[in-house]
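Me: Please take a close look at one residue and its setting. Then place it in the wider chain.

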Amino acid sequence: MIKKISKTLFYIILILTLIVGYLSIFGIKTDKFNSKIKNEIFKLNKQVSLSLKSVKILLNLKKLKIEIKTLNPTIIVDNEKLPLVSVKTEISIKSLLKNQFSIDNLNISTKAIKINDIILFTKSFRNSKELFLLDKFVKSGYLIADVNLNFDNNGNIKKNYEINGFIKKAKLNFLNKYNINDLEFLFKIKDKNYSLENITTDFNQVKFSLPFIKIINNDNILKINGKILSQEKNYNKDIIGYKFNNLQIDKINFSSKSDFSFNINKKLKINDLKIKSTVNLNYLVYNNFLPEIKKYLPNYKNTIKLQNNKISIDYNKKKLSIYGKGSISIEDKS
């Protein structure tokens, strides 16, 4: 009798072990949780709805939780559809046994989504000055991201959220004056901290790369600092005319590196701007009639050339300091 009971217990334990192992490794597909997940999302934000296919359930014994994952869902915000790669969440086994289905966290992996659409989605959860600025400046572009959100008992997003991703083919416009095209970079976002890395862009038709930009939200003031690199390149009169208006520069060849920092206050005004730049000016051709020079150099024919100049620029507290060293040629006389 004892042998039969032992054998029966052994088979029960074996079957339970196989079931737990299967649920932990492979999981099962079901649509029984679809309506509950949609309801939870609706509780978090009534502007957001979720279109789901079947979901996959995995057992996590270490955390005593069930992981629910759905592939290729769609988030709908104000009739705009955001295609996703996956949505994952974890639910404690204890809460399920008590018939209490609630989402504690949410992991969202997106496909390529329009930046303006993702700003709209993010603003529906938490509006901020940073998102207001982005919405004003961003004209087009795409974003791919992994979003990790944790929620408190009231359904509010905790401050330990993380968003990591990649921006590509973005276009921005500042004050209808400064145009940024083909902007691409990696980004990492945490509460009050924003890090942008490996940035490449075309700013007013000049190619720039930025190793990093860091943004910190400190008492409703955005503190921004970063580094800019521009590669050596020839610029003709057409591009220069677009950039420098009436400076009468015909040709220029230079490379530069700059460190900058500034603050943006509540009224979106820039304060405490600091710039330190080193410019390698290989040559510059300036073509303009200067009567003051003509008085002392009768052979002057309106052309001045700068060659092999090293220029240091320091702008701090509205004071500009420029130091340069190199050759200057007036009518080919150095």
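Reply:

**Asparagine 181 and its setting**

Asparagine 181 is partly exposed, at a relative accessible area of 25%. The label follows from the cut-offs: buried is under 20% relative accessible area, exposed is over 50%, and partly exposed is in between, using a 1.4 Å probe and protein chains only. This is a predicted model: local features need pLDDT of at least 70, side-chain atom pairs count only at pLDDT 80 or more, and totals for chains, interfaces and linings use all residues. Residues are numbered from 1 along each chain as its sequence is written, and side-chain values use heavy atoms, without hydrogens and water.

Asparagine 181 sits in strand 11, residues 178–190. Helices (H or I, at least four residues) and strands (E, at least two) are DSSP runs, numbered from the N terminus. Setting aside neighbours within four places in sequence, asparagine 181 contacts Ala170, Lys171, Thr201 and Asp202. Contact means heavy atoms within 4.5 Å. Lysine 207 is 26 residues away in sequence, and its C-alpha is 9.5 Å from that of asparagine 181.

Now the wider chain. It holds 7 helices and 18 strands. Of its 334 residues, 34% are buried. Among contacts between residues at least 6 apart in sequence, 49% join residues at least 24 apart.

Elsewhere, strand 9 (residues 138–150) pairs antiparallel with strand 7 (residues 105–110) over 5 bridges. Pairing requires at least two DSSP bridges between two strands. Isoleucine 108 stands opposite valine 147 of strand 9. Strand 8 (residues 113–114) also pairs antiparallel with strand 9, over 2 bridges. There, lysine 114 has tyrosine 142 as its bridge partner.
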